[in-house]
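Subject: A structure to look through

Hello,

Here is the structure for you to open. Please have it on screen while you read the notes below.

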Amino acid sequence: NFRVALGSARPQGNFACLLTSRDQWVDRTQAPHGAFMLWLIHLRSRDAALLRMAYPVLARNHRWWRANRDPDGIGLISCGTSDVGEALYKGTAFGARNETGMDNSATHDEAVYDPATRTLSTIDLGLNCALALDAEMLSLIAAELGKDGEAAKFAQLADDTRGRIRTVLWDEARGIFANRQRHGGFVKSLGPTSFYPLLCGAASEAQARRLLDHLADPALFGGAYMIPNATRDDPAYRDNVYWRGRIWGNVNYFVWQGLCRYGFA
């Protein structure tokens with residue numbers, strides 16, 4: 001399965017967002033969770049051959065994100081759609097949203113597509129947390145393979161990205177992490193990615209404690225069925241379509257991983 005997934009890597013460095021018999025979305029990609037999955041597999045199998053096969057491709061993908069989705073050079077990325085290939089939604093706001101995997105999430109509603117940079121106007125919280133975790137996992141993998149220099153570089157990237165998430169994407173007024181305009185304020189809608197700073201270790205202890213209040217609030221993410229993809233007080237929650245209000249298992253899995261990381265299991 002991993003070999004097949006890696007086989008979608010494009011010459012420019014990203015993985016294809018979608019490959020079907022009818023279309024090839026090579027202008028965009030998917031959130032960088034591959035190194036995290038690879039490391040979890042390794043902890044169970046201790047198969048260095050899998051690391052050796054996957055590491056170069058995953059490392060190249062990580063570098064692609066930083067080179068192609070940070071138009072202002074601030075160390076935080078936005079989703080976008082490159083001028084590569086000919087695919088449905090290429091060069092559109094919806095095409096850019098696809099890179100988060102949360103296509104119609106209300107957290108994107110205030111994002112504007114900039115054709116000059118080919119990215120959305122917002123810094124995506126979930127993507128940046130995935131990128132920070134990706135760098136951390138690549139550091140662990142590189143060290144396991146004896147690539148100490150690369151391990152140190154990825155560890156530094158992880159630490160730098162965590163610091164930027166902790167400061168730039170923390171909305172003190174609401175006491176929660178959120179998407180933010182690259183040249184402005186925070187977007188109104190929230191999603192489960194508000195808890196992803198726990199997953200990558202970006203949240204301070206004080207921030208983590210405040211996140212628990214939001215997690216338990218039945219007007220937001222709490223209730224009998226936990227962590228909807230739009231807060232229950234958001235008009236998007238009532239849409240109950242795809243990423244607007246519904247609950248997804250993969251999202252809850254990442255939030256659970258973050259809670260465990262901070263000792264909130």
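**What turned up**

D72 sits in the loop between α3 and α4 (93-97). Helices here are DSSP runs of H or I with at least four residues, strands are runs of E with at least two, and both are numbered from the N terminus. The model is predicted, so local features need pLDDT of at least 70 and side-chain atom pairs count only at pLDDT 80 or more, while totals for chains, interfaces and linings use all residues. Residues are numbered from 1 along each chain as its sequence is written, and side-chain values use heavy atoms, with hydrogens and water left out.

Leaving out residues up to four places away in sequence, D72 touches R182 and H183. Contact means heavy atoms within 4.5 Å. D72 and H183 are 111 residues apart in sequence, yet their C-alpha atoms are 9.9 Å apart in space.

Now find D103, in the loop between α4 and β3. Is D103 buried or exposed? D103 is buried, because its relative accessible area is 14%. Beyond its neighbours within four places in sequence, D103 is in contact with F94, R97, N98, H108, Y242 and W243. P32 is 71 residues away along the chain from D103, and 16 Å separates their C-alpha atoms.

**Helix α2**

Next, go to helix α2, residues 34-45. This helix has 12 residues. From first C-alpha to last, α2 reaches 16 Å, close to the 16 Å expected at 1.5 Å a residue. The expected span is 1.5 Å times one less than the number of residues. The buried residues of α2 are A35, F36, L38, W39, L40 and H42. What covers them? The cover includes α1 (2-6), α3 (48-68), α5 (125-144), α7 (196-200) and α9 (249-261).

R46 follows α2 and is found in the loop between α2 and α3. Its phi is near 50°, a positive value in a residue other than glycine. Most residues other than glycine have a negative phi. R46 counts as exposed, because its relative accessibility is 52%. R118 also has a positive phi, of about 60°, although it is not a glycine. Look for R118 in the loop between β3 (113-114) and β4 (119-120).

**How helices pack**

Two packed helices are described by the angle between their axes and the distance between the axes. Axes are lines fitted to C-alpha atoms, for helices over the stretch in contact, and angles run from 0 to 180 degrees between N-to-C directions. Under 35 degrees is roughly parallel, over 145 is roughly antiparallel, 65 to 115 is roughly perpendicular, and the rest is oblique.

Start with α2 and α3. They pack at about 170°, with axes 10 Å apart. These two are therefore roughly antiparallel. On the α2 side are G34, A35, L38, I41 and H42, and they meet A48, L50, L51, A54 and L58 in α3. By class, this contact has eight nonpolar, two polar and no charged residues. Ala, Val, Leu, Ile, Met, Phe, Trp, Tyr, Cys and Pro count as nonpolar, Asp, Glu, Lys and Arg as charged, and the others, Gly among them, as polar.

Then take α2 and α5. The angle is about 45° and the axes are 8 Å apart. They are therefore oblique to each other. G34, A35, F36, L38, W39 and H42 in α2 meet L133, D134, M137, L138, L140, I141 and E144 in α5. Nine nonpolar, two polar and two charged residues make up the contact of α2 with α5.

Last pair: α3 and helix α6 (residues 148-168) pack at about 40°, with axes 13 Å apart. Here Y55, A59, H62, R63 and R66 in α3 meet E150, F154, L157 and T161 in α6. The contact of α3 with α6 divides into four nonpolar, two polar and three charged residues.

**One more residue**

Finish at H214, in helix α8 (residues 205-216). H214 is buried, with a relative accessible area of 16%.

Best wishes

Technical notes
Buried < 20%, exposed > 50% of the residue type's maximum accessible area, 1.4 Å probe, protein only.
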